[in-house]
2 protein chains.
Amino acid sequence: MSRIFRELIGSQWEQGKFVCVGLDPDIEKMPSVARTSSARDTIIAFNRAVVDATHDLVCAYKPNSAFFEAYGTEGMDALHETIAYIRSVAPEVPVILDAKRGDIGNTNNGYAIAAFDWLGADALTVHPYLGADAVEPFLARADKGIFVLCRTSNGGSAEFQNLDVGGMPLYKKVAHNVAEGWNKHGNCGVVVGATYPEELKEVRAIVGEMPILIPGVGAQGGDTEAAVAAGKNASGRGIIINAARAVLYASKENDFADASRIKTQEFSGVIAQALV
Amino acid sequence: MSRIFRELIGSQWEQGKFVCVGLDPDIEKMPSVARTSSARDTIIAFNRAVVDATHDLVCAYKPNSAFFEAYGTEGMDALHETIAYIRSVAPEVPVILDAKRGDIGNTNNGYAIAAFDWLGADALTVHPYLGADAVEPFLARADKGIFVLCRTSNGGSAEFQNLDVGGMPLYKKVAHNVAEGWNKHGNCGVVVGATYPEELKEVRAIVGEMPILIPGVGAQGGDTEAAVAAGKNASGRGIIINAARAVLYASKENDFADASRIKTQEFSGVIAQALV
């Protein structure tokens, strides 16, 4: 029984699930009730509580490696245990490791082993800057999802991404190359921030049915309805709308897990409305 | 006593040291004598032997995170211990963590903490694609070295890096932005592969005295003399020539550490000749 990312996410979309909860642990932001003396145990327990409260609502989880790495090996161990927990309680929910990796081919082998074999992630975010030959060790994993950064959600993303390259901005060139050359195994996706709905619409026109990972709603200020309208594919699917802080830290009290569920339901409701 | 990367590397250059040994542990390539039952212990012991044999010759060490991450938390612990060992036996040698990180600003805080505070690296390689605002948590660390990917050593690096953006290729635009806007704290450098000496020369003309990290000699086939001639700054310095596999796996026998020293001396000799 092999797990295939595109099948997993497709099945979630069939059930009307489009919210991805970003697992970005920051112990300072967690309620005091969730904290123990060990960073590792605190992060695992917090993530388990959020997963327990939301796994029937989400299309995917997206742990961001940076937030775990900040706690050293304890954090990395917590990332490993978090993904293992999701697999055990909600095997139908794919895990997208947001690590934004990108090195030369020989070196990317190491990152592929870490993300897919050691951690057991179903998908990974990667940088486009080094080109297709460098990304090949990721692309070769046909069962995994490879999400290439296209137009990122930050305020200064235009610095290079909007430079004109032969009649189109660089991010559209990235979208073209991914859709037309990199996607031989049908396992590619792109990342476009909800904070740029116009650009999201343009990218959707380029990539067809391909999955688009859309961060930037919630704390980053992107409009969920606009992101859905701009990002959905011809089948009214293809979108993975990520919210992290707005869900994880919806309450600073004992009810934080319940609050994360309510917030996830709110996002789901807004998305369902926007898809009607 | 604060450690400042630019001072450390400048002092190494003063002594005629320009070779950087890339620490890319691959247990399969290590001599059987170096292997124990634990990946962690094997990597630490191998790296210690190489560091013991070479630290008086090198300008810096460059562990590549991917090769450690491939061994999970054992590998990350080995990375931590390797950097701590270099600091204890050769505190004058800066450590450049080659992790090619790059996320939005809020998230890059986590990567900066992991690289600089947890691991204790003196410098870090980063992706340019998200722009200056995203990289700010790295740039704000004035005591650290921030090496921005510019023209990478892989065969397919032209796919995006050579696209024309207003009369120059993208990699030159990256070099300009780093030299002219990102380097407020004087802590920036760029990465240009030895496999592209012409491009290296062009980048040197743009970035002035700035350090350039030059991977790609040895196993990747870049010519060391050409890289030195093209990469040196007006003072005949400014270059960090990285060799990894060619040094680490110079011998598959018991003499692997001695062989790594001989190979490092060879590279040093070629560089010294090229600088005359």
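Predicted model: local features only at pLDDT ≥ 70, side-chain atom pairs only at ≥ 80, totals over all residues.
Local features here need pLDDT of at least 70, side-chain atom pairs count only at pLDDT 80 or more, and totals for chains, interfaces and linings use all residues. Residues are numbered from 1 along each chain as its sequence is written, chains are lettered from A and ligands numbered from 1 in the order in which they are written, and side-chain values use heavy atoms, with hydrogens and water left out.

View 1. Strands (E, at least two residues) and helices (H or I, at least four) are DSSP runs, numbered from the N terminus. Buried means under 20% relative accessible area, exposed over 50%, and partly exposed in between (1.4 Å probe, protein chains only). E5(A) pairs in the parallel sense with strand E4 (residues 123–126) of chain A over 4 bridges; two strands pair if DSSP finds at least two bridges between them. Look for A:Leu124 opposite A:Ile146. With strand E6 (residues 188–192) of chain A, E5(A) runs parallel, joined by 5 bridges, and here A:Leu149 faces A:Val191.

**View 2. The sheet of chain B.** Eight strands form an open sheet in the order E2-E1-E8-E7-E6-E5-E4-E3, with parallel pairing. At the edges sit E2 (60–63) and E3 (96–101) of chain B, each pairing on one side only. Between E4 (residues 123–126) and E5 of chain B there are 4 bridges, in the parallel sense, and B:Ala123 has B:Gly145 as its bridge partner.

**View 3. Helix H9 of chain B, one side in and one side out.** In H9(B), residues 197–207, the buried residues are B:Glu199, B:Leu200, B:Val203, B:Arg204, B:Ile206 and B:Val207. They cover an arc of only 160° around the axis, so they lie on the same side of H9(B); the arc is that of the directions from the helix axis to the C-beta atoms. B:Glu198, B:Lys201 and B:Ala205 are exposed on the other side. The packing partners of the buried residues include helix H8 (170–182), helix H10 (224–231) and strand E7 (212–214) of chain B, with contact meaning heavy atoms within 4.5 Å.
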